[in-house]
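Here's a quick tour of the fold you have on screen. Have a look at it first, and then we'll go through the links, the sheet and the helices.

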Amino acid sequence: MSSKYAKIEYEATPCFGFCPVFKMTINPDRTAVFEAEHFNFSERPSKDEFSKPREGTFKGTIKEEDYNKLIALLDGLDVKNLNDNYGEKNITDLPTSHLRIEFADGKTKHIEDYGKRGSEKLSQLYKFFEDLRKNQQWTKVK
C-alpha cells in the first residue's frame, strides 16, 4: 500500500497544568512509536509526575481503520498549504503541538501550533492523536 506520507509525527509539549506530553511517529506500514513523557496514563494527575521518570517508549501497529481516518484527516487539511506557525505567544501557559510530515516525494512540512487552536480541522487532528494513545495496542519497549 503506497502512501503520499512517508512519516507522520505529532508532538505535544507541556502546559502549566496536566496536558499530556508525548511524541508519536507513524509510518506508512502503520507501525508506530509512542514516546510518553508525562500525564498520558494518569486518572488523577499531579505535579509530582514531573519528578518521576518519563512514562516510556511504546511500539504498536495503528489499526487500519484508524490509519485510514488519519490519512483522511491529513488529506482534508491540505497540509502542504498550511501556515508553518499558529497561535499567539502572549499567553505563557499553553501547550504547543508540532506536526511534522515527511511526504513520499521527499518534501517536509512542520507546523507549530501554540495553544493547539490553529484551525478546527487541526484541533480535530490533535484530538485524534491524543485518542490514539488510549485506543491502540501499545507494547512498552523501554
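Search the whole structure for disulfides and you get one. Keep in mind that this is a predicted model. The link joins Cys15 and Cys19, with the two sulfur atoms 2.0 Å apart. It's a right-handed one, with 100 degrees about the S-S bond of Cys15 and Cys19.

In what order do its eight strands line up? Read across, they go 5-7-6-1-2-3-4-8, making an open sheet with mixed pairing. Strand 5 (85–86) and strand 8 (139–140) sit at the edges, and each of them pairs on one side only.

| Strand | Partner | Bridges |
|---|---|---|
| Strand 1 (residues 5–12) | Strand 6 (residues 96–103) | seven bridges |
| Strand 1 | Strand 2 (residues 21–26) | five bridges |
| Strand 3 | Strand 4 (residues 56–61) | six bridges |
| Strand 4 | Strand 8 | two bridges |

Glu9 is a handy one: its bridge partner in strand 2 is Thr25, while in strand 6 its bridge partner is Arg100. Ile8 stands opposite Ile101, again in strand 6. Over by strand 4, Ala32 has Gly60 as its bridge partner. Phe58, for its part, is bridged to Lys140 in strand 8.

On to the helices. Helix 1 (residues 64–77) lies across strand 1, strand 2 and strand 6, and runs at about 85 degrees to strand 1. Helix 2 (residues 120–135) packs on the sheet too, touching strand 1, strand 2, strand 3 (31–38), strand 5, strand 6 and strand 7 (108–114). The direction of helix 2 makes about 95 degrees with that of strand 2.

How do the two helices sit against each other? Two packed helices are described by the angle between their axes and the distance between the axes. For helix 1 and helix 2, the angle is about 165 degrees and the axes are 10 Å apart. Angles over 145 degrees count as roughly antiparallel, and helix 1 and helix 2 are therefore roughly antiparallel to each other. The crossing of helix 1 with helix 2 is left-handed.

Which residues make that contact? From helix 1 come Asp66, Lys69, Leu70, Leu73, Leu74, Gly76 and Leu77. Helix 2 answers with Lys121, Leu122, Gln124, Leu125, Phe128, Phe129, Leu132 and Asn135.

Definitions and conventions. Residues are numbered from 1 along each chain as its sequence is written. This is a predicted model: local features need pLDDT of at least 70, side-chain atom pairs count only at pLDDT 80 or more; totals for chains, interfaces and linings use all residues. Side-chain values use heavy atoms; hydrogens and water are left out. Two strands pair if DSSP finds at least two bridges between them. Helices (H or I, at least four residues) and strands (E, at least two) are DSSP runs, numbered from the N terminus. Contact means heavy atoms within 4.5 Å. Axes are lines fitted to C-alpha atoms, for helices over the stretch in contact, and angles run from 0 to 180 degrees between N-to-C directions. Angles under 35 degrees count as roughly parallel, over 145 as roughly antiparallel, 65 to 115 as roughly perpendicular and the rest as oblique. A crossing is left-handed if the near helix is turned anticlockwise from the far one by less than a right angle, and right-handed if clockwise. A disulfide is a pair of cysteine sulfur atoms within 2.5 Å.
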